[in-house]
Amino acid sequence: WPDWPDAVVERVAREAVMVGMSADQVREAWGRPTRLRRTAGGRQLCYGQFCGKSVTLVNGVTIQVNE
C-alpha cells in the first residue's frame with residue numbers, strides 16, 4: 001500500500017470502501033467479490049447473497065458504493 005493515499009489506507013484498514021478507489025483497493029478492503037456484472041459503462045462487483053453490497057467501477061475507478 002505504499003503508494004496509496006492515507007485516506008485510502010485508512011478505509012482499507014477499516015474494511016470500508018469509498019468513491020475513487022481502484023478495483024485492487026476495493027478487493028483489499030472487502031475481499032474477492034462473489035459476482036461480477038457488466039454494466040453499460042463499466043462493471044459492478046457484488047458482495048454477498050443477492051448483491052447486498054456492491055461497487056460500480058468505470059475505467060477501473062469506483063464511482064458508486066452500495067452498502
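## The disulfide

Searching the whole structure, which is a predicted model, turns up one disulfide, meaning a pair of cysteine sulfur atoms within 2.5 Å. The partners are C46 and C51, with an S to S distance of 2.1 Å. The link of C46 and C51 is left-handed, at -75 degrees about the S-S bond.

How accessible are the two ends? C46 is buried at a relative accessible area of 1%, and C51 also counts as buried, at 15%. Here buried means under 20% relative accessible area, exposed over 50% and partly exposed in between, using a 1.4 Å probe and protein chains only.

## The sheet and its helix

Four strands make an open antiparallel sheet in the order 1-2-3-4. Strand 1 (35-38) and strand 4 (61-66) are the edges, each pairing on one side only. On average, neighbouring strands are turned by 20 degrees against each other, direction ignored. Strands pair if DSSP finds at least two bridges between them; strands (E, at least two residues) and helices (H or I, at least four) are DSSP runs numbered from the N terminus.

Strand 3 (residues 53-58) pairs with strand 4 in the antiparallel sense over five bridges, and L57 stands opposite T62 in strand 4. Helix 2 (residues 23-30) packs on the sheet and touches strand 2 (43-47), strand 3 and strand 4; contact means heavy atoms within 4.5 Å. The direction of helix 2 makes about 5 degrees with that of strand 2, where axes are lines fitted to C-alpha atoms (for helices over the stretch in contact) and angles run from 0 to 180 degrees between N-to-C directions.

## Reading the values

Residues are numbered from 1 along each chain as its sequence is written, and side-chain values use heavy atoms, leaving out hydrogens and water. In this predicted model, local features need pLDDT of at least 70 and side-chain atom pairs count only at pLDDT 80 or more, while totals for chains, interfaces and linings use all residues.
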